[in-house]
Amino acid sequence: MALVLFNCSKNDEPTPDPEPVVVVPITLNSEINDFIWEGMNEIYLWQGQVPNLSDTKFANQDQYYTFLNNYNSPESLFDDLLYQKDVIDKFSYLVNDYVALENSFQGISTSNGLDFGLVRLSGSNDIFGYIRYVANNSDASAKDIGRGEFFLTVNGQQLTVSNYQNLLFGSNNTYTLGMANITNNSIALNGKTVELTKTAFTESPILINKVIDANGTKVGYLMYNQFIANFDEALNDAFGELKTEGITELVLDLRYNPGGSVNSAILLSSMITGQFTNNVFSREIWNSKYQSYIEANDPVSLINRFVNKLNNNTPLNSLNLNKVYILTTEGSASASELVINGLDPYIDVVQIGTTTTGKYTASVTLYDSSNYGRTNANPNHKYAIQPLVLKSANSLGVTDYFNGLVPDYLITYTTSSGTEEGENLLDLGTLGDVNEPFLEKALSLITGTISKSSNLKSDKLGIKVEAISDSKDFTLLGKDMFVEFKPTNKLKKQ
């Protein structure tokens, strides 16, 4: 018999079963980040082109929360979800106070009423401002300052590319401008100063509405600086005045109009015409999954039509024109471009000035609620997102004018170094005056006193400058075009 011996010790005791591993679910750090991702995933125009917004991006909730927790602010997440930010998508934005955003849609902002451009001379980091217009009934309108003037300093500091945002658009609501003159291609202070104060101010987008007698032709001139729904009735009244005066031609000045309400653009276009009621003005194109949903459930809502009434059923004061002259610059954007593109298949749109911004997209406001509507928005914060959600095409399908709408008549001016496009800062003229260069060119075309050449020149020698920004870039609305948000069964958080 073989004897088998075993050496027994504590180490040879049976190994106990391991303690069960407890998996702790990932905790979401920011409910705002959750709202942003879900809203962008649902309705963002380029959702299908952004990998981080893919419907199959996350296998489970822990992966989703881990992704969101990697971002230390809502702003950083939002920016990272945009499709080629500042290249393709230049206009979607996030706000941390939707009340201020809502006020901006109504034309209410903290403003001194001064509208200006900012430029610099070649080779310099110093910049200067030039006044484009002063809003009626504003703080600036009571001060000694007006169109065509220049300013070089703010509170005694020279404006530069690195400080102008803080000096002009920072938290200080009162500042003093140091005014300047330009002589021989150089700018210098002239000793004049103007103190301005920003207050809660509602700017009427109708800056000028008048009738001009151009060699016996009654011409209406309307300078309209933003598409704001609260002023739709006032706009209709303005057209009523032009209609009563019996105008037969209209010059619509949109050169400083960055956009706004799509509905207001439809109303304006319907006031200019009137003979195309119920015809297609524009069509909306959304992201693929939302487009499919609308086409299956409410296809009519994708079509915007010419109308003959305001939203309150007041009849429009339509002019029934077959031609309109529209003044534009690179500051003419979104809803301004929508008017041009929407009218183009129906009447002769004579565009005068320079090429527009090139914004054919529109946005909606999304709130942190069960269906992204304003009702029952999350009381813990006031964040809202204003993503681009659709692009507009006219009745012929024209859209994607990324490089802007090119004028029929390009306005140029001569400098010591050559020819430049746009407004001559040394010859801005008085808005609404028959000798103001842009309006003068329109009137010349109307009266036939100028040949229809492609380039129309401002005769006074100008200066060459590089555009930096303008005051409208720093409003919440900016160069936005928005549609009224209508929550649907499609837009519901899961």
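Predicted model: local features only at pLDDT ≥ 70, side-chain atom pairs only at ≥ 80, totals over all residues.

Guide: The largest cavity holds about 40 Å³ of space. In total, 11 residues line it. Those closest to its centre are Glu 423, Asn 424, Asp 427, Pro 437 and Phe 438. How many cavities of 30 Å³ or more are there? The count is one. Rolling a probe the size of a water molecule over the atoms shows where empty space is left.

Now step back to the whole chain. The chain has 494 residues, and 52% of them count as buried. Its secondary structure comes to 10 helices and 26 strands. Take the contacts with a separation of 6 or more: residues 24 or more positions apart account for 74% of them.

Gly 259 and Ala 333 are 74 residues apart in sequence, yet their C-alpha atoms are 5.5 Å apart in space. Gly 259 belongs to the loop between strand 12 (249-253) and strand 13 (260-261). Is that glycine buried or exposed? Its relative accessible area is 0%, so Gly 259 is buried.

Next, helix 8, residues 288-297. Its buried residues include Tyr 290, Gln 291 and Ile 294. Seen down the axis of helix 8, the buried residues fall within an arc of 105°, so they line one face of the helix. The face turned away from that buried side carries the exposed residues Ser 288, Ala 296 and Asn 297. What covers the buried residues of helix 8? The cover includes helix 1 (31-43) and strand 14 (280-286).

Strand 14 is worth a stop. Ser 282 sits in this strand. Ser 282 has 1% relative accessibility, so it counts as buried. Set aside its neighbours within four places in sequence. Ser 282 then contacts Leu 302, Ile 303, Asn 304, Leu 338, Ala 393 and Asn 394.

Pro 74, Leu 77, Phe 78 and Leu 81 are buried in helix 3. They cover an arc of only 95° around the axis, which puts them on the same side of helix 3. Their cover includes helix 1, helix 2 (61-69), strand 1 (93-95) and strand 20 (384-386). Helix 1 was also named in the cover of helix 8.

Strand 19 and strand 20 run antiparallel and are joined by two bridges. Leu 366 has Ile 385 of strand 20 as its bridge partner.

Now strand 4, residues 128-134. How many of its residues are buried? Seven of its seven residues are, and the strand is mostly covered. Strand 4 pairs with strand 3 (residues 114-121) in the antiparallel sense, over six bridges. Here Phe 116 has Ile 131 of strand 4 as its bridge partner. The two strands form a hairpin with six residues between them. Gly 123 lies in the turn, with a positive phi of about 80°. Strand 4 also runs antiparallel to strand 5 (residues 150-154), joined by two bridges. Gly 129 stands opposite Phe 151 of strand 5.

The last stop is backbone angles. Most residues other than glycine have a negative phi, and most peptide bonds are trans. Which values are found at two asparagines? Asn 184 is not a glycine, but its phi is positive, about 50°. Asn 184 lies in the loop between strand 7 (174-183) and strand 8 (186-197). With 73% relative accessibility, Asn 184 counts as exposed. Asn 313 also has a positive phi, near 75°, and is a residue other than glycine. Asn 313 is in the loop between strand 15 (303-305) and strand 16 (323-328). Its relative accessible area is 53%, so Asn 313 is exposed.

Conventions. Residues numbered from 1 in each chain as written. Heavy atoms only, no water. 1 Å grid on protein atoms, 1.4 Å probe; cavity = no way out; pocket = protein on both sides within 12 Å on 5 of 7 lines; lining within 4 Å. Points joined across faces, edges and corners; volume = space filled by probe spheres on them. Buried < 20%, exposed > 50% of the residue type's maximum accessible area, 1.4 Å probe, protein only. Helix = DSSP H or I, 4+ residues; strand = E, 2+ residues; numbered from the N terminus. Arc of directions from axis to C-beta. Contact = heavy atoms within 4.5 Å. Pairing = 2+ DSSP bridges.
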